[in-house]
Amino acid sequence: MDLMDVRATCLNCMDGRVQLPVLQWIKANYPVDFVDVITEAGMDAVLSAQKDIGEILRSIAISVNVNQSTRLFIVGHHDCRGNPVDERVHRQQIRDSVERLKSYYPRQKIVGLWVNAFWSVEVVSESVGTRLPYLHRDLQ
Ligand SMILES: [Zn+2]
């Protein structure tokens, strides 16, 4: 493992249409070498409303604690078949997801993203983070 590479963590839908736009946007806007990607169908609905997100937290913990990820991204997108709600609801779910993960990673920078009908990326919400490595309080 190269300890000098800079990681980010992307929590995205599994929809193939959104992968490259989001990865390219992250790499264009942040000093990141590699993006660890965790997917679920309708990730914004899962993170905002599903009670048990233990499997997702396990993947995040590896990305943050082992790979030393510097920031987390949570993505919702237009025409999501895994979470077919309107854009207003998606945007609220993205904000709620950022808040929920902030309770697990209060010092991590967390950014909520919306991928619109033109497959462009918009920032929905952003938490302030220190970018310092942070040990997951539940899994240590
Ligand atoms: Zn989707």
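These notebook entries record what I looked up in the predicted model shown above.

**Entry 1. Conventions**

I number residues from 1 along each chain as its sequence is written. Because the model is predicted, I note that local features need pLDDT of at least 70, that side-chain atom pairs count only at pLDDT 80 or more, and that totals for chains, interfaces and linings use all residues. Helices (H or I, at least four residues) and strands (E, at least two) are DSSP runs, numbered from the N terminus.

**Entry 2. Helix 1**

I asked which residues of helix 1 are buried. In this helix, residues 16–29, I found Val-18, Val-22 and Ile-26 buried; the term requires 20 or more other C-beta atoms within 10 Å of the residue's own, with 12 or fewer for exposed, partly exposed in between, and C-beta atoms placed from the backbone. These three cover an arc of only 55 degrees around the axis, which puts them on the same side of helix 1. The arc is taken from the directions from the helix axis to the C-beta atoms. An α-helix has 3.6 residues a turn, so residues three or four places apart point the same way. On the other side of helix 1 I noted Gly-16, Leu-20, Gln-24 and Ala-28 as exposed.

I then looked up what the buried residues of helix 1 pack against: strand 1 (7–13), strand 2 (34–40), strand 3 (71–77), strand 4 (109–115) and strand 5 (121–126).

**Entry 3. Strand 1 and its partners**

Strand 1 is mostly covered, with six of its seven residues buried. I found strand 1 and strand 2 running parallel, joined by seven bridges; two strands pair if DSSP finds at least two bridges between them. Ala-8 stands opposite Val-35 in strand 2. Strand 1 also pairs with strand 3 in the parallel sense, over three bridges, and there Leu-11 stands opposite Ile-74.

I recorded a right-handed β-α-β unit made by strand 1, helix 1 and strand 2. Right-handed here means that, with the strands pointing away from the viewer, the path from the first strand over the helix to the second runs clockwise.

**Entry 4. The core around Val-75**

The largest nonpolar core has 31 residues; such a core is a set of buried Ala, Val, Leu, Ile, Met, Phe, Trp, Tyr and Cys residues joined through C-beta atoms within 7 Å. Among those with the most contacts inside this core are Cys-10, Leu-11, Val-22 and Val-75.

I looked up the contacts of Val-75, leaving aside neighbours within four places in sequence; they include Val-18, Val-22, Met-43, Leu-113 and Val-115. A contact needs C-beta atoms, placed from the backbone, within 7 Å. Leu-113 is also the bridge partner of Val-75 in strand 4.

**Entry 5**

Seven bridges join strand 3 to strand 4, and the two run parallel. Strand 4 and strand 5 run antiparallel, with five bridges, and Trp-114 stands opposite Glu-122. In their hairpin, which has five residues between the strands, I noted that Trp-119 takes a positive phi near 60 degrees.

Strand 3, helix 4 (residues 87–104) and strand 4 make a right-handed β-α-β unit. In helix 4, I found His-90, Gln-93, Ile-94, Ser-97, Val-98 and Leu-101 buried. They cover an arc of only 145 degrees around the axis, which puts them on the same side of helix 4. Arg-88 and Ser-103, on the other side, are exposed. The cover over the buried residues includes helix 2 (43–49), strand 3, strand 4 and strand 5.

Methods
Two residues are in contact if their C-beta atoms, placed from the backbone, lie within 7 Å.
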